[in-house]
Amino acid sequence: MVYAVNNSSIENLLDLFYHMYRIRTVEEEIARRYSEGKMRCPVHLSTGQEAIPSIFALTITKGDFAVSTHRGHAHYLAKGGNLNAMIAEIYGKSTGCSKGKGGSMHLIDLNVNFMGTSAIVGNSIPVGVGLALSSKLKGTDQISCVFLGDGAVEEGVFYESVNFAAVKKLPVLFICENNLYSVYSDLSVRQPKGRSIAKMVEAMGIDMSFGNDNDILANQQLMKKAVSNVRSGNGPHFLEFSTYRWREHCGHNFDNDIGYRSQDEFLEWQVKDSLKLLESSLTKDGSDTTTKLSSIKEKIDSEVAAAFEFAEASPFPNQSEAYEGVYAKEEASK
Amino acid sequence: MSQMNYAEAINEALHEAMQLDSSVICYGLGVTDPKAVFGTTLNLEKQFGPERVFDMPTSENAMTGVAIGAALNGIKSVMTHQRIDFFLLAMDQLVNGAAKWHYMFGSQNSVPITIRLIIGRGWGQGPTHSQNLHAWFAHIPGLKVVMPTTPEDAKGMLLASIFDPNPVIFLEHRWLHNSMGEVPDGDIRVPLGKAKIVKPGKDITLVAMSYMVIEALYASDYLEKQGVSCEIIDLRTIKPLDWEAVMGSVSKTGRLLTLDSGFSTGSVAGEIIARVSMEKFSVLKSAPARLAMPDVPEPTSPSLTKGFYIRAADVAEKIMDMMGRDPSQVRKELKEPKPHDIPGKWFKGPF
């Protein structure tokens, strides 16, 4: 895949590069430092899956809602979630986005309407649908974006949620990142061969689109169209993208050697790595773009380094805070 | 102040809440159907419109999540299920989601939802239409569990639940829906977490909830004639439980019998005995006791439910025994009502 770089495309391509490189750098820095043992919670990294969240970052507005899953770092960042607060949360610090109560799997940033992530497969799907119901009741044009994986499609709550969104024509954008594996179980033992998730969901009465991860610009068009349809009141839309996580399901290692997937498959996906293809398109001709890329990288590298410094330097929460916040107090509801 | 039954009091609370606050919505399977969930949701759709009052797909789990999501943007949902048993399909959303949201996201937002569930017993409801699972919910940090007994409390506690910033499990005993009482007009709120002494007494503390309070009152009337004075505490809220009220009463009477409409093992009644034994051991004049349902699913046939429920006679017999009195006459005078499996002649089934 080669992307044509010209005056009309360059800004968008650089923006995409910015988000993809930023997500990759954050995830890889977590991976690099994870064995230090200071991030004492499970992490589910999105390395290899940066393209969809990056497109999302450029398509959605700040006021729109989003919810995500255990593999939620990329979505949090793409929605504009505060990087320092996320890294601090993973380090269990009081400056974390959930004050150390949630960890990597419970990310939130209310400043950008990133409403939460869940450690239970499928759990955040109806929450996203409920947010869409609230937009409808309040008469705003906010849409609600629900990130899910191929495994969540096997949960009953997924069908319940899609059905209700369809019945009420709610402004929900379901974004399914199909990375072929639910932990170590591949799609063939979980869903019938040859059945398309998107087509199955379409049969429930909502619009759908399907995109391959390696064509970023085509996928960007799909998402733009879907967002605009949902926002204009045409009801929910289901987007499915094929993608691939490079590292193990949970943790920082590569795990192609343990036997549930092959090194060949992994290498195939590395060859079509969207970030690398985009970078090589951008650097093909002209040192001007190369300079721009270097400056983006430099900026992100130092931002990420600073975020880890911030997390490391932040204090842990007081022990007594473990017992606080079980119930919300009266005034908090207003 | 008006005379009305428990179901009408619920209905009045819903009208009041929806009138007071346009962010209150009400949904559940059957809330707009002609039977209106035992009459509790009558006329709501007519008055507040189909946007705020609606029937729903048979999707208990997702619809609980929908309430959570809507709550995160300021909508206060009152969801209703005709039986608690149906709601078991929603444990993921309730336990992993609603109950923990405020805590696990660092207290930044909360989930003000109210889930009305109907519990009960009798008339062939059988193993999966009669469970009283309040102890389950009470076990989960972050939930409030409310079990009002009287029409006044039903109204006041439903209003308090709807405007509480936390998820509240609101349990209505089917046998109470037709019970009558005086109910104040307007926005009356009965605070959650406060028990009520429904009858003061000096010999023994009787702690009960929901329909078990009614059995306690029958037993107490009988015992009064035998010269035994019972103090009856209606817990009203199971979580957070009003320990002050319980401990205060036991300190005074020195005896404790707890009643529970749920299964014995892991019951709220057992929890109360544990805490009282640990904290008030020195004031106890006799071993505390518990009467709860056996650890057996409720059977369906009326012949199998004879003698199966905790009735006033069981309570009175136990108390006579605890007081060192002869309990042998109790059952002759306090007979199991006939038929034994309905709350009164008003109940004609089928559910």
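**A strand and its neighbours**

Tutor: Keep in mind that this is a predicted model. Let's begin with strand β3 (residues 144-149) of chain A: 6 of its 6 residues are buried, so the strand is largely enclosed by the rest of the structure.

Student: Which residues of β3(A) are buried on one side, and which on the other?

Tutor: Both faces of β3(A) are covered. One side has A:Ser144, A:Val146 and A:Leu148, and the other has A:Cys145, A:Phe147 and A:Gly149.

Student: Over how many bridges does β3(A) pair with strand β4 of chain A?

Tutor: Look at A:Val146, which stands opposite A:Phe174 in β4(A). To get from β3(A) to β4(A), the chain crosses through α6(A), in a right-handed β-α-β crossover. The two strands pair in the parallel sense, and the number of bridges is 6.

Student: What stands opposite A:Ala66 in β3(A)?

Tutor: Here we're looking at β1(A), which runs parallel to β3(A) and is joined to it by 3 bridges. A:Ala66 also has a bridge partner in β2(A), namely A:Phe114. In β3(A), the residue opposite is A:Cys145.

Student: What supplies the largest share of the side of chain A that touches chain B?

Tutor: In total, 36 residues of chain A are in contact with 35 residues of chain B. β2, α5 and α6 of chain A each supply at least two residues of that side. The largest share, 10 residues, comes from α5(A).

How values were computed:
Residues numbered from 1 in each chain as written. Chains lettered and ligands numbered in written order. Predicted model: local features only at pLDDT ≥ 70, side-chain atom pairs only at ≥ 80, totals over all residues. Contact = placed C-beta atoms within 7 Å. Helix = DSSP H or I, 4+ residues; strand = E, 2+ residues; numbered from the N terminus. Pairing = 2+ DSSP bridges. Buried ≥ 20, exposed ≤ 12 C-beta atoms within 10 Å, placed from the backbone. Right-handed = clockwise from strand over helix to strand, strands pointing away.
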